[in-house]
Amino acid sequence: DARYVADGGFCGQKAADGTRKMLMCLLSSGIPCLGDPQHKGVLPFRKKPHRYNSSVDCLASPEIYITQQSGAAHAAYLITFA
């Protein structure tokens, strides 16, 4: 749901014509684990020496993905909306 981004202040200020912009990215998520506030910097091991690649809000039906590497997100579309 794009409302999370639009209403959360992630789209910046409205332009003079009332439009806003959102960047939609393609994400290489790898194998995710359930996000936890204790995950600071490094995700846990899934099977040593391999760690999880990202974390999500829900394993069954994820809506929010958090990656540890900036190279995992690739800009795909610039969406302009009112």
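Which helix holds Tyr 4? Tyr 4 sits in helix α1, residues 3-7; helices here are DSSP runs of H or I with at least four residues, strands are E runs of at least two, and both are numbered from the N terminus.

A word on the model. It is predicted, with local features needing pLDDT of at least 70, side-chain atom pairs counting only at pLDDT 80 or more, and totals for chains, interfaces and linings using all residues. Residues are numbered from 1 along each chain as its sequence is written, and side-chain values use heavy atoms, leaving out hydrogens and water.

Back to Tyr 4. Tyr 4 counts as exposed because its relative accessibility is 51%; buried means under 20% relative accessible area, exposed over 50%, and partly exposed in between, with a 1.4 Å probe and protein chains only.

Next, Ser 54, in strand β5, residues 54-56. Is Ser 54 buried or exposed? Ser 54 has a relative accessible area of 0%, so it is buried. Leaving out residues up to four places away in sequence, Ser 54 touches Ser 29, Ile 31, Pro 32, Cys 33, Leu 43, Ile 66 and Thr 67, where contact means heavy atoms within 4.5 Å.

Last, Phe 45, which belongs to strand β3, residues 45-47. Phe 45 is partly exposed, because its relative accessible area is 35%. Beyond its neighbours within four places in sequence, Phe 45 is in contact with His 50, Arg 51 and Tyr 52. The C-alpha atoms of Phe 45 and Cys 33 are 9.7 Å apart, with the two residues 12 apart along the chain.
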